[in-house]
Amino acid sequence: MNPLQKLFPNIDDWGEIGRACIDTLLMLGGSLALTVLIGLPLGVLLYLTGKGQLRPMPKLYAVTSLLVNILRSVPFIILMIVLMPVTYALVGTKLGIRGAIPPLVIGAAPFFARLVETALREVQQGVIEASQAMGASLWQIVRHVLLPEARSGLLAGITVTAIALVGYTAMGGAIGSGGLGDLAYRYGYLSYKSDYMLVTVLLLIALVQALQMIGDRIVARYKRR
Amino acid sequence: MIRFVDVHKSYRVDGRDIPALQPFSLDVADGEVFGIIGLSGAGKSTLIRLINLLERPSGGRIFVGDTEMTALAEPALRAQRRRIGMIFQHFNLLSSQTVADNVAFPLRLAGERDAGALRARVDELLARVGLSAHADKYPSQLSGGQKQRVGIARALANRPTILLCDEATSALDPQTTASVLELLAEINRELKLTIVLITHEMDVVRRVCDRVAVLDAGAIVERGAVADVFLHPQHPTTKRFVNEALPEEAASELAPFARVPGRLLRLSFRGDATLTPALGRVTRETGVEFNLLAGRIDRIKDLPYGQLTLAMQGERVDAALAALREAGIEIEELHR
C-alpha cells in the first residue's frame with residue numbers, strides 16, 4: 001500500500017481526483033484568459049471615461065459602472081443559475097468545463113475590470129501629461145504609457161482574479177461543472193466521504209498558494225518604482 | 001516666435017468661472033530664453049501649458065511660428081506638439097522603460113521604426129546630456145539631476161524649435177540646479193532653441209533668461225530684459241523676488257543707514273561699465289568722498305553687473321554723479 005492510500009483509506013479512485021484537478025485547471029486557464037481578454041478593455045474604458053480622465057464621458061461611465069456593479073453584486077452561485085440560458089445559447093451545454101466557462105467569465109470579468117481601473121489610476125498623471133506633450137495619441141498613451149506603467153498592478157490584479165476564479169470553479173461543482181469542487185460536493189457532501197473533501201480542500205489550498213507565489217514573483221520582477 | 005494675443009483663461013468650478021489668467025498679450029522671440037516668474041498659484045503652470053495647448057485658453061489666440069495653435073484640429077495639434085519639447089519638475093519619465101527607451105519614446109511616437117536610426121539618435125542625445133553610461137538603467141536608479149537630463153534628452157529627441165521648462169529645477173539641490181541650468185544655456189546657444197521656463201526662483205531667471213515676465217495673481221505685472229527688471233524692479237512682487245535673490249540687499253534696506261552722512265545712492269553697473277575704474281577716477285577728480293554700505297558683483301546670464309549702495313558727500317557731488325552717468329553707470333537716489 002502506498003502512503004497516500006494509508007493516509008486516506010476511503011479514497012478508492014485517485015484517478016478521478018487527478019481528472020478533477022485537470023478539469024479545474026482547464027476551467028481556470030480558459031476562464032482566466034477570457035476574463036483578461038474582456039476585463040482589460042472594459043477596465044481601460046472605465047478608466048478613460050471616468051471623471052477628469054482622458055476622455056470623460058459621464059453617461060457611458062455611469063452605464064458601464066452600473067453594469068459592472070450589478071454583475072459583481074450577484075453571488076456567483078446565483079449568477080450561474082441565472083445565466084444558464086445564456087450559457088446554453090453560447091456554448092450549447094450547461095454542464096462540464098464548457099458550460100462552466102461563460103458564467104465564470106461573466107462573473108470575473110467585471111471584477112477584473114475594476115482592478116484594471118484602479119491599477120490605471122495609480123499611473124502618475126505627470127507621465128500621461130508628458131506623453132500628451134510629446135504628441136501621443138489616445139491609443140499610443142493606452143498602449144505605450146498606461147498599460148506598461150501599470151504593469152505590476154495589472155499582474156497583481158490577474159493574480160487576485162485567478163484566485164477568485166479558483167473559488168468560483170469550486171462553486172460550479174454544485175451545478176455539475178466538474179472539477180475539484182464537483183468532487184468535493186458529490187463525495188464529501190452528498191456521500192459523506194470526508195476523505196475526498198479533505199484531499200480536495202488540500203489541493204485547492206495548494207493551487208491558491210501556487211498562484212499567489214507565482215503572481216507575487218512576476219509582480220516583483222516588473223516593479224520598477 | 002511664440003505669440004499670445006489677448007489670451008485669457010478661467011476654470012469652471014461648480015458652475016462658476018474662476019479666473020486663472022487675466023487677458024494678456026505676450027511675444028517670445030526666436031532663440032531667446034524667456035522666464036516667467038511667479039509664486040505658486042500665480043498661473044505660471046497654466047501659462048506655459050497654453051503654448052502646447054495642454055491647457056486650452058478660454059479666449060484669445062496663440063501662435064507658434066506661423067501656426068495658430070488654437071485653430072488646430074487634434075491630429076495637426078499632435079504633429080505640432082512633437083516640435084515643442086517639454087521638461088517637468090518631477091521629470092515624468094516612464095518608470096517601466098530604460099533611459100534609452102525613454103529617450104527613444106518620442107521618436108517612436110513620431111513613427112520612427114528603424115532600430116539603427118533610433119539607437120544612433122538616442123546615443124547622440126545621451127552623449128549631449130552626459131548620460132551615455134546610463135543608457136540601460138531604469139529611472140529609479142538615477143539621481144534627480146540625472147533624471148532631469150534624461151527628460152532634456154527626451155525633449156530634444158524630435159529636434160524641437162521650442163523647449164518648455166515647467167519648474168525644471170525646483171526639485172533639485174542648488175548644485176544640480178546650476179548644472180542643469182548650464183546645460184539649458186548650452187542647448188539654447190548651440191541649437192538656437194527658444195526656451196520658455198517658469199520658476200519661482202529669481203536666481204534661475206538671473207542665470208539663464210534674456211527676458212522675464214512677472215506673474216502675480218494671474219496678471220503679468222512686469223516684463224522686460226532681465227537686467228532691467230533685476231536692477232530696477234518696479235512692482236512690489238518683483239521687488240520681493242529680486243530681494244530674495246540678493247539676501248544682502250534685502251538686509252540693506254534703508255533703515256540701518258539713517259544716520260550715515262551724505263546722499264544715499266545706488267549705483268548700477270552693467271557690462272563694460274563694470275570693467276572700468278570709473279568710480280575711483282571720478283571721486284579723485286571731483287574730490288567727493290563715499291562710504292560703501294552694500295554691494296554685489298555678479299552676472300546676469302552673460303552680462304557682468306555690479307550694484308553698490310553708498311553714501312556720498314562733498315561739494316561736487318552733482319558733478320560726480322554727472323561724470324558717473326557719463327561713464328555708463330546708472331544712479332538711483334535713495335531717500336530715507
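Two strands are said to pair if DSSP finds at least two bridges between them, where strands (E, at least two residues) and helices (H or I, at least four) are DSSP runs numbered from the N terminus. The structure described here is a predicted model, in which local features need pLDDT of at least 70 and side-chain atom pairs count only at pLDDT 80 or more, while totals for chains, interfaces and linings use all residues. Residues are numbered from 1 along each chain as its sequence is written, and chains are lettered from A and ligands numbered from 1 in the order in which they are written.

With that definition in hand, strand E3 (residues 33-38) of chain B is joined to strand E8 (residues 194-199) of chain B by five bridges, and the two run parallel; within this pair, Gly35(B) stands opposite Leu197(B). E8(B) also pairs with E7(B), again in the parallel sense and over five bridges, and there Ile162(B) is found opposite Thr194(B). In a regular strand the side chains alternate between the two faces of the sheet. In E8(B), Thr194(B), Val196(B) and Ile198(B) point one way, whereas Ile195(B), Leu197(B) and Thr199(B) point the other way, and all are buried, a residue being buried if 20 or more other C-beta atoms, placed from the backbone, lie within 10 Å of its own, exposed if 12 or fewer do, and partly exposed in between. E8(B) is accordingly described as mostly covered, with six of its six residues buried.

The contact between the chains takes 17 residues from chain B and 18 residues from chain A, two residues being in contact if their C-beta atoms, placed from the backbone, lie within 7 Å. On the side of chain B that touches chain A, helix H2 (74-81), strand E6 (84-88) and helix H3 (99-109) of chain B each supply at least two residues, and H2(B) gives the most, with three residues.

In chain A, helix H6 (residues 96-121) has 26 residues, which at 1.5 Å a residue should span 38 Å, and this agrees with its end C-alpha atoms, which are 38 Å apart; the expected span is 1.5 Å times one less than the number of residues. H6(A) is largely enclosed by the rest of the structure, because 21 of its 26 residues are buried. Leu71(A), in helix H3 (residues 58-73) of chain A, is in contact with Ile106(A), Gly107(A) and Pro110(A), leaving aside its neighbours within four places in sequence, and is partly exposed, with 17 other C-beta atoms within 10 Å.

As for confidence, the model scores ipTM 0.85 and pTM 0.87. Chain B averages a pLDDT (the predictor's confidence in each residue, from 0 to 100) of 91, and 96% of the residues score at least 70. Among the elements of chain B, strand E7 (residues 162-166) has the highest mean pLDDT (97) and helix H10 (residues 247-251) the lowest (51). Where pLDDT is low, the predicted coordinates should not be read in detail.
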